[in-house]
Amino acid sequence: MRPNLAARLGVWSAHHRKTAILGWLLFVVLATTIGGASGMVTASDDEMGVGDSGRAATILQDAGVEEPAGELVMVSSKSADGWRDAASDLSKALTATGETREMQAPLPSENGKDALLRFEMKGASDDAADRVQPVLDAVQKAKDEGAGKGISVYQFGDASSEKHLSDLLSDDLTRAEFTAVPLALGILLVAFGAVVAALLPVGLALTACVAAFGLLSLASHQLHLFETTYSVMFLMGLAVGVDYCLFYLRRERDERAAGRDAETALRIAAATSGRAVLVSGLTVMVAMAGMFLSGLLLFKGFAVATILVVCVAMLGSVTVLPALLSALGDRIDAGRIPFLNRKGKKGAHASGGIAGKLLRPVLAKPKLFAVGSAVLLLALAAPALGMKTEQLGLEKQFGSDAPLSVSFREITEEFPGGPAPAQVVVKTDDADGIESKQMRDALAAVVRDAGKGAELTVHKSAGVAQIDVPLPGDGSDAKSKEALGELRDEVVPAAFDGLAADAYVGGDLASSEDFSDQLSKGIVPVFAFIAAVTFLLMLFSFRSVVIAVTSIALNLLSVGAAYGVMTAVFQHGWGAELIGSEQVGAIENWMPLFVLVVLFGLSMDYHVFVVSRISEARDRGLDNRAAIREGITRTAGAVTGAAVIMVAVFAVFGTLSMQDMQQMGVGLGVAVLLDATVVRMVLLPSLMTLLGERNWRTPGWLSWLPEISHGEPVAPEQSAPRPVPSATM
């Protein structure tokens, strides 16, 4: 039988070890060096926009209107007008920094106990966060001096919040890297009981991440990226890279434990697990490509990042890994750890004993366990029926007790709409049109109807006018949304009806609403694409419509359960304090689509690996039930180890500071845990047992599909495999 691509790659790598290993190292070094030299290009706020808010931002950008980074500082006192001296001193200190402009006179609150200082940062808004530190120092000094006099000082603005966000992301990513890697290494030490065997998957995954980082930096010059993209890439790269190596290494060790010689064991691992890695990696990459259909730059960046890191990790697993295994030989077990390196007869690494015991009742009563596991997953998914999504503001991202969140809340309560006003942008065909009587009347009508605090700015040379409109509420609540809707649906259309002008409403809340609308439109084509790709790949791999359909159904159950847990924890606050989080009342609006795509891709790791092993057993002549038993028990160790590592990596992100990182970590971690336990160990075998031979039936109209063997024939003179040892992992 002609060996498959993975087998040919594995054999070639084993016979050309130096070429494969040095080639991999050269690739990693070149990708890292070139990518580092080119630097990463991040997307501006204008590029992230969609809908009317995106059009408003584009008009201002095309007109050369630089949106300055605005800052607000509120000085509060216990008595009316008690803030005056402190506010005056602070205004002088802020001006003395040389970084501010357009310092306005203090704006008193209705009760007279608070005053709002409004100013802008000098220079371009894109790099204002890099220059805001002197301003922060001046505000902190005023806060310290006023503490003993009953004076409180709060600051919130574009530059200060952006700096806080950048610093937090940097700290979080560093913490994730220094926590996730030792965690993965520790889990592999327990799984393999040997230092070298544990270091190999982690080392290969890290080099894959490093190379992918360099490639992503190059790609960012064509497709600008969001700052969170690198965190997503590291999370995916470490989890997938370790998983692929673990599957491959487990199979090689199992074959050695069954009495194969080193070369035969490696060839079988390449032909079976190597093939599963290729199919799984291809499925993940194509599934990730579905994010391009979302129409959102954020998801396009996620797609590029995940495709790159999965591709690099997959190629490393089927090329340099066989070369390393061939070079190491039995030294793969070097650095054995007492009490962890459990061995059976003649050095066989035990595998599948616990899984066999757990599987016995599942196969004995498949209907009971199929219904029970499905009910459990549906119950976990139930809270998702009431899921609410929004683009969480920075004040929610940081937590209610964070200084920036406190400042936002205090300023908003006294001066509603100040930190996040809506913005009406009007564009005429020529400069004279913006100053015509009809246009002046229309702009005045918007300012009048918008209420107190609306400010008009006209850019005559560009034929553009903009009106900043403070919104009631906290900038994202129902009151703010109602005011935005009225502005968009009534005030603006009525004012500019019949005029030759384009008028759009932008701002933070408008951007959030437009982003959510685009997501709701994009999720259908993205899901349809992913479902179709999954179906076709499973169909071509296993020549079975039943397996293709059930793979989609099982993935949907995992995704639904993840949605339900995310909604319960972060929207309703059930158990949020256990992970150091809190109830925020909504899910980050990009999270559901992201979790759907990632889980559909990642779950194929387990599905392809397990079903391939079941199919392999069936190709050897076992009946359906016996094939299921052997496939599940023989993959239990690898699936369990891979799942524990993935859950551990995702759990690290669930403990970070940013709310969206927490939601992503919890959602993906719970889904992977359920997928590897309830779905793969209970629902999948019980469902396949109930379906019987229908699992493998190929309809006549699909008889043209090529027959693909999932195993590797062993020559008669080679020793036969021993029975599966009865022990744990």
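**Close-up 1. Glu455 and its salt-bridge partner Arg118 in the predicted model.**

**Close-up 2. The salt bridge between Arg448 and Asp449.** The side chains of Arg448 and Asp449 meet with an N to O distance of 3.7 Å; Arg448 is exposed, at 59% relative accessibility, whereas Asp449 is partly exposed, at 46%.

**Close-up 3. The salt bridge between Arg620 and Glu630.** The closest N and O atoms of Arg620 and Glu630 are 2.4 Å apart. Because Arg620 lies in the loop between helix H22 (591-619) and H23, and Glu630 in helix H23, the pair ties together parts that are 10 residues apart in sequence. Arg620 is exposed, with a relative accessible area of 51%, while Glu630 counts as buried, at 17%.

**Close-up 4. A patch of positive charge on the surface.** Lys357, Arg360, Arg625 and Arg629 gather in this patch, to which helix H14 (353-364) and helix H23 (624-654) each give two or more residues. Lys357, placed in helix H14, is exposed, with a relative accessible area of 55%.

**Close-up 5. The bend in helix H24.** Helix H24 (residues 659-691) bends by about 45° at Val679 and is largely enclosed by the rest of the structure, because 26 of its 33 residues are buried. Gly692, which follows H24, has a positive phi, near 60°.

Key:
Residues are numbered from 1 along each chain as its sequence is written. This is a predicted model: local features need pLDDT of at least 70, side-chain atom pairs count only at pLDDT 80 or more; totals for chains, interfaces and linings use all residues. Side-chain values use heavy atoms; hydrogens and water are left out. Patches are made of residues with over 30% relative accessible area and no salt bridge: like charges are joined within 9 Å, nonpolar side chains (Val, Leu, Ile, Met, Phe, Trp, Tyr) within 5 Å. Accessible areas come from the Shrake-Rupley method with a 1.4 Å probe; for residues, only the protein chains shown count as cover. A salt bridge is a side-chain nitrogen of Lys or Arg within 4 Å of a carboxyl oxygen of Asp or Glu. Lys and Arg count as positive and Asp and Glu as negative; His and the chain ends are not counted. The place of a charge is taken as NZ of Lys, CZ of Arg, CG of Asp or CD of Glu. Helices (H or I, at least four residues) and strands (E, at least two) are DSSP runs, numbered from the N terminus. Buried means under 20% relative accessible area, exposed over 50%, partly exposed in between (1.4 Å probe, protein chains only). The bend at a residue is the angle between axes fitted to the seven residues ending there and the seven starting there.
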